[in-house]
Amino acid sequence: MNIIPSMRCSDMKRSLDFYTTVLDFKHHGTWPDTGSPSYSILSREGAELHLSSYSGDGTFGNVACILIQNIDQLFQQYVARGLNAKAKRDSPVHQGPTDQTWGTREFYVDDPDGNTLRFVQR
């Protein structure tokens, strides 16, 4: 199983909505289930993502890479679910899958707290 590093979030409800509604992650639970701070576990195709609003867990602006297949199809699905691909006009890799000089095809998504998920197809 691939494990994605813990991401820091300021508003767990907002973050969970983004990850489950737009990025199609499955929510496995939040502890405690009400109030703040809290800790949540999500997954997508065998990769776990941990979100934390505890002050000592990580920093805002983390980066995580997720290896995937069918990158173009996935990007289109995310746009159809509400991903704003035009938010970072100066970053082509945020606007759609991009062929990198090192041999991968990638697109990046920033969550509401500025953490970046890099979706990578080899």
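The legends below accompany close-up views of a predicted model.

View 1. Let's start with the sulfur atoms. A disulfide is a covalent bond between the sulfur atoms of two cysteines. How many disulfides does the structure hold? The count is zero. For C9, the closest cysteine sulfur belongs to C65 and lies 20 Å away, which is too far for a bond. Since a disulfide requires the two sulfur atoms to be within 2.5 Å, C65 is likewise in no disulfide, its nearest cysteine sulfur being that of C9.

View 2. Is C9 buried or exposed? C9 counts as buried because its relative accessibility is 1%.

**View 3. Strand β2 beside β3.** Strand β2, made up of residues 26-31, runs antiparallel to β3. Five bridges join the two strands. To find your place in this pairing, look for G29, which stands opposite I41 of β3.

View 4. Strand β4 spans residues 47-52 and pairs with β3 in the antiparallel sense. Six bridges make up this pairing. A handy landmark is S40, whose bridge partner in β4 is L51. Together, β3 and β4 form a hairpin, with two residues between the strands. Which residue in the turn has a positive phi? That residue is E45, with a phi of about 50°.

Technical notes: Residues are numbered from 1 along each chain as its sequence is written. This is a predicted model: local features need pLDDT of at least 70, side-chain atom pairs count only at pLDDT 80 or more; totals for chains, interfaces and linings use all residues. Side-chain values use heavy atoms; hydrogens and water are left out. Buried means under 20% relative accessible area, exposed over 50%, partly exposed in between (1.4 Å probe, protein chains only). Two strands pair if DSSP finds at least two bridges between them. Helices (H or I, at least four residues) and strands (E, at least two) are DSSP runs, numbered from the N terminus.
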